[in-house]
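I would ask you to look at the sequence and the structure before I go through the details.

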Amino acid sequence: MAVHPITTLPRDAAVLRTPAKRVRNFDASLRSLVADMIDSMNAAHGVGIAAPQIGIGLRVIVVGMPGERPFVMVNPEVVKRSGERELIEGCLSVPGYRGRVTRSTRVLAKAQDISGREIRVRAEDDLLAQCLEHEIDHVNGRVYIDHVQSIDELWTLDEMIEDDQEDVDDEEEIDDDE
Ligand SMILES: [Zn+2]
């Protein structure tokens, strides 16, 4: 097991922008890749990671919801999606930014587990639904900034912190009025 550096744009566009290859061998090297992905995701404090984010062009993602055991999805694909919702999103491979994107409300995804058995994951209106679409995008060479409508919908973290400060100020004013 090992922590790998996270690939970032624009430097690592070659691996992040190329659709990844299907996994055909469910062997020890796959298990080792998944262990490295989990370590790297935890080290980077992510809630999900795709193999291209540690420089490996294979269709493997790990989902790590807070407080839950991470699980792997090999050759994942979205089978069905419906509904729309607007979310603020970030990505380990686009450090320092957040953006507003439209994601689906309901997502049904299928994949294989680490042994090659088919699994299905269903999520609705939660972080898991967002994570499934985000990570499956990664193995298709897509990144959330592709979904940002305009550059105005992308902020640096510094800008967001300033906005938060303004929010705090607003709350204090309300308190003063009471
Ligand atoms: Zn990402």
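The model is a predicted one, in which local features require pLDDT of at least 70 and side-chain atom pairs count only at pLDDT 80 or more, whereas totals for chains, interfaces and linings use all residues. Residues are numbered from 1 along each chain as its sequence is written.

Strand 4 and strand 5 (residues 97-103) run antiparallel and are joined by 5 bridges. Two strands are said to pair if DSSP finds at least two bridges between them. Helices (H or I, at least four residues) and strands (E, at least two) are DSSP runs, numbered from the N terminus. The order 4-5-8 describes an open sheet of 3 strands with antiparallel pairing. Its edge strands, each pairing on one side only, are strand 4 (85-89) and strand 8 (154-156).

In total the protein has 4 helices and 8 strands, and from the N terminus on its elements run α-α-β-β-β-β-β-β-β-α-β-α.

Next, the interior. A residue is buried if 20 or more other C-beta atoms lie within 10 Å of its own, exposed if 12 or fewer, and partly exposed in between, with C-beta atoms placed from the backbone. By this criterion 28% of the 178 residues count as buried. A nonpolar core is a set of buried Ala, Val, Leu, Ile, Met, Phe, Trp, Tyr and Cys residues joined through C-beta atoms within 7 Å. The largest such core has 27 residues, and M37, V60, I61 and V62 have the most contacts inside it. At least two residues of this core come from each of several elements, including helix 2 (28-43), strand 2 (60-63) and helix 3 (127-139).

What does V62 touch, not counting residues up to four places away in sequence? Its contacts, meaning C-beta atoms placed from the backbone that lie within 7 Å, are V34, M37, I38, M41, G48, I49, P70 and V72.

Helix 3 is largely enclosed by the rest of the structure, because 10 of its 13 residues are buried; among them are C131, L132 and I136. Just after helix 3, G141 takes a positive phi of about 80 degrees.

By contrast, P10 is exposed, with 8 other C-beta atoms within 10 Å. P10 lies in the segment before helix 1 (13-16).

Technical notes. Two residues are in contact if their C-beta atoms, placed from the backbone, lie within 7 Å.
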